[in-house]
Amino acid sequence: MKKFIGKRLILAIITMWVIITVTFIMMHAVPGDPFSKEGRMPAAVYDSLNKRYGLDQPLSTQYSIYLKNVVHGDLGDSMYSSAENVNQMIKRGAPVSARLGLQAFIIAMILGPLFGSIAALYQNKAPDYIMMIIALIGISVPSFILATIFIKFIAQESEFFPIGGWGSFRHTILPSLALSFMPMASSARLMRSSMLEVLGQDYVKTAKSKGLSKIRVIMNHAVRNAILPIVSTMGTTLAGLITGSFVIEKIFGIPGLGAFFVTSIGNRDYTLIMGTTIFYSFILIILLLIVDILYGIIDPRIDIARN
């Protein structure tokens, strides 16, 4: 176990270094800079700002300084916000995005496998068609369309659901549902196909022939093995939900990290763009490491001690 985790940590560090390097190069490869506003800024102010953020130094020097700061946990100062640095912005916005993403993840990981299992157990029957129609809607309709529909036909027609904002649990329900539909649909379709394959395996037939109850066969033999493909995608799904809620946050007026990221792109705020990218990448890598370990624990055929 320790050897396995050690290998994954080394790979994680190398991956983070590659991401930091590539992001840094891409930021500076784009023509222009954060302070070139079509000549509207006085030359003295322009030079002062470039010096303030180290943009007047060679790229190699900028890179080495930035890499050193990142290692020490300093993501720098925002080039367009004097009130907060990048660390403070992430600290303020990340919990909001994380809560929204986690709630959407829980919904998707409960309903998706459940719908997929029902569809497989009632293959080519009414429950199967109903579950797959729901999955098809989830895959076909973008989350921002669902968010608009929820606001129009649910929030505006009900006093229980707020139209927007962030505060109580009620504010999180509709955004979480809109965000969860696509991963829920994907996991439902994946679970259905995996469940159908597992139900045809010899060990399931053997369990049935031994006289085990149907629910025991399904839960102990079928579901446990059929859900492995879902587990292998949980890391990227969770990271995608936490980091991919920009549009949903915008529609519902949620003060999450997505708002900072969108603003940083429009302002060409180098430090904020790189800081949020590094933060998102770190979250994704950690989640993938956790999923690798869980996958080995759930599937007894995988010996993580040898990896």
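1. I14 is partly exposed, with a relative accessible area of 45%. The model is a predicted one, and this value is computed from it. I14 belongs to helix α1, which spans residues 2-29.

2. I14 is also one of the members of a nonpolar patch on the surface, together with I10, L11, W17, V18, V22 and M26. The accessible area of these residues together is about 660 Å². Patch members must have over 30% relative accessible area, a cut-off that I14 passes because its value is 45%.

3. Helix α3 covers residues 59-71 and contains 13 residues. From its first C-alpha to its last, α3 reaches 18 Å, close to the 18 Å expected at 1.5 Å a residue.

4. Which residues of α3 are buried? They are Q62, Y63, Y66 and V70. These residues cover an arc of only 95° around the axis and therefore lie on the same side of α3. On the face turned away from that buried side, α3 carries the exposed residues S60, K68 and V71.

5. G73 follows α3 and has a positive phi, near 85°.

6. The largest nonpolar core has 45 residues, of which L174, A178, L179, M191, M195, I248 and F252 touch the most other members. The elements giving two or more residues to this core include α4 (86-121), α7 (170-199) and α11 (246-252). The largest share, 11 residues, is supplied by α7.

Key: Residues numbered from 1 in each chain as written. Predicted model: local features only at pLDDT ≥ 70, side-chain atom pairs only at ≥ 80, totals over all residues. Heavy atoms only, no water. Patch = residues over 30% accessible without salt bridge, like charges linked within 9 Å, V, L, I, M, F, W, Y side chains within 5 Å. Areas by Shrake-Rupley, 256 points an atom, 1.4 Å probe, with all protein chains shown as cover. Salt bridge = Lys/Arg side-chain N within 4 Å of Asp/Glu carboxyl O. Helix = DSSP H or I, 4+ residues; strand = E, 2+ residues; numbered from the N terminus. Buried < 20%, exposed > 50% of the residue type's maximum accessible area, 1.4 Å probe, protein only. Expected span 1.5 Å × (residues − 1). Arc of directions from axis to C-beta. Core = buried A, V, L, I, M, F, W, Y, C linked by side-chain atoms within 4.5 Å.
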